[in-house]
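Please have the sequence and the 3D view open while reading.

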Amino acid sequence: MERRTPPWSLMNGLLFGVAAGVMLALAETALSVAAGDGPFYPVRMSAAVLLGPPAFTPQVSTGMAVAVGLAVHLTISAGWGLMYTLLDAMLPTDSRGRWEFQAAVGMLFGIFVWLVDFQLLARGYFPWFLDAPQFLQIVWHAVFMGLPLALLFTAAERRRSPLVEPAP
């Protein structure tokens, strides 16, 4: 069972993390609109990581909140993509190109991201993230962060070394 170590996929980790972050941001925006909070509430939450609670007030313009919020969210997403790269490097080679295996690992990774971001960091530093429905956040992080990240890595692995399917 061969294991590959980074940096073969460090760039993949950054780019795939950003792509998964975009998916999560879109899903968070849809959830916010459905909850009646408006489309800019999620970016204001992210912007408040740097700007503090004033990010929720008219003191911070919508444009500034969007710019700062997206920068924070996508930077954190890229960091999680790098973490997934390290995890992916530890997976058995024969499992990295299997959609179902990577999907399960990715969704568990998304739950781990929620656990760290919402249950550890938010509780101590960013309590406004706890206002969001936590069960939906678990699901959103698994489906819209972890799953896309895993599927992007699977596709990259299959391009890099195609799997040989067993003959029937």
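## Phe118

Apart from neighbours within four places in sequence, Phe118 is in contact (heavy atoms within 4.5 Å) with Val113, Arg123, Phe129, Leu130, Gln134, Gln137 and His141. Phe118 lies in helix 5; helices are DSSP runs of H or I with at least four residues, numbered from the N terminus. With a relative accessible area of 7%, Phe118 is buried (under 20%, using a 1.4 Å probe and protein chains only).

This is a predicted model, in which local features need pLDDT of at least 70 and side-chain atom pairs count only at pLDDT 80 or more, while totals for chains, interfaces and linings use all residues. Residues are numbered from 1 along each chain as its sequence is written, and side-chain values use heavy atoms, leaving out hydrogens and water.

## Helices 2 and 3

The axes (lines fitted to C-alpha atoms over the stretch in contact, with angles from 0 to 180 degrees between N-to-C directions) of helix 2 (residues 41-51) and helix 3 (residues 62-90) come within 7 Å and cross at roughly 80 degrees. Helix 2 is therefore roughly perpendicular to helix 3 (65 to 115 degrees).

Residues of helix 2 that meet helix 3 include Val43, Arg44 and Ser46. On the side of helix 3, Thr62, Met64 and Ala65 are among them.

## The largest pocket

Glu28, Pro42, Ser46, His73 and Phe129 lie nearest the centre of the largest pocket, which is lined by 38 residues. A pocket is an open set of points on a 1 Å grid over the protein atoms alone, where a 1.4 Å probe fits, with protein on both sides within 12 Å along at least five of seven lines; lining residues have an atom within 4 Å of a point.

Methods
Helix = DSSP H or I, 4+ residues; strand = E, 2+ residues; numbered from the N terminus. Parallel < 35°, antiparallel > 145°, perpendicular 65-115°, else oblique. Buried < 20%, exposed > 50% of the residue type's maximum accessible area, 1.4 Å probe, protein only.
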